[in-house]
Amino acid sequence: MAYLEILPYLSTTGQQQMALDRWLLTRFCDGLSGDLSDKFSGVAADTVGCLRFYGWQPHALSLGYHQQKFPSHWQDLCGQRGLDLIQRPSGGRAVLHGADLTYALVLRLPEALQRQSRREIYEWLAQVVLYRDWE
């Protein structure tokens with residue numbers, strides 16, 4: 001049986017949240033490595049991924065992985081408002097994070113899903129998050 005590891009809720013800076021997300025990607029895509037490895041146990045052979053929910057302290061403006069250009073006034077606005085300006089390891093466009101609940105789901109996709117469209121994979125992943133009987 002495969003297991004999904006669930007990390008406890010964490011509210012911290014955008015820099016720390018994205019460092020943890022990048023570490024999880026490395027952990028489940030390339031094996032356990034990185035400077036955060038001492039904070040978490042190794043990946044059990046039957047663990048296929050990790051789900052975590054988190055909050056932002058302070059609020060943050062996150063840019064998608066491929067979003068290299070953004071209006072210069074965003075940097076000034078973030079400084080004036082006390083927002084973190086960070087880049088996510090995932091795609092998409094800019095997202096303003098405040099009191100929202102954010103989740104990260106990192107897992108090794110079953111081989112059958114690796115040939116599906118992005119939309120089909122997203123819908124499958126959403127079902128993983130919505131699944132209530134994780135035990």
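Modeller: The model is a predicted one. Side chains of opposite charge can pair when their charged atoms come close. Here the count comes to three salt bridges.

One of them joins the side chains of Glu5 and Arg27, with N and O 2.8 Å apart. Glu5 lies in strand 1 (residues 3-6) and Arg27 in helix 1, so this pair ties together parts that are 22 residues apart in sequence. Arg27 has a relative accessibility of 1%, and because the cut-off for buried is under 20%, Arg27 counts as buried.

Another salt bridge pairs Arg52 with Asp21, and their closest N and O atoms are 3.0 Å apart. Arg52 belongs to strand 3 and Asp21 to helix 1, so distant parts of the chain, 31 residues apart, are linked. Arg52 and Asp21 are both buried.

The remaining salt bridge is between Glu123 and Arg119, at 3.1 Å between the closest N and O atoms. Both residues are in helix 3, four residues apart, which is about one turn of the helix. Glu123 is partly exposed at 39% relative accessibility, while Arg119, at 59%, is exposed.

Helix 1, strand 3 and helix 3 are also among the elements that each supply at least two residues to the lining of the largest pocket. That pocket has a volume of about 1100 Å³. Among the 27 residues that line it, those closest to its centre include Tyr122 and Leu125. By class, the lining has 18 nonpolar, six polar and three charged residues.

Note on methods: Residues are numbered from 1 along each chain as its sequence is written. This is a predicted model: local features need pLDDT of at least 70, side-chain atom pairs count only at pLDDT 80 or more; totals for chains, interfaces and linings use all residues. Side-chain values use heavy atoms; hydrogens and water are left out. On a 1 Å grid over the protein atoms alone, a cavity is a set of points where a 1.4 Å probe fits but cannot get out, and a pocket is an open set with protein on both sides within 12 Å along at least five of seven lines; lining residues have an atom within 4 Å of a point. Grid points are joined across faces, edges and corners, and a volume is the space filled by probe spheres set on the points. Ala, Val, Leu, Ile, Met, Phe, Trp, Tyr, Cys and Pro count as nonpolar, Asp, Glu, Lys and Arg as charged, and the others, Gly among them, as polar. A salt bridge is a side-chain nitrogen of Lys or Arg within 4 Å of a carboxyl oxygen of Asp or Glu. Buried means under 20% relative accessible area, exposed over 50%, partly exposed in between (1.4 Å probe, protein chains only).
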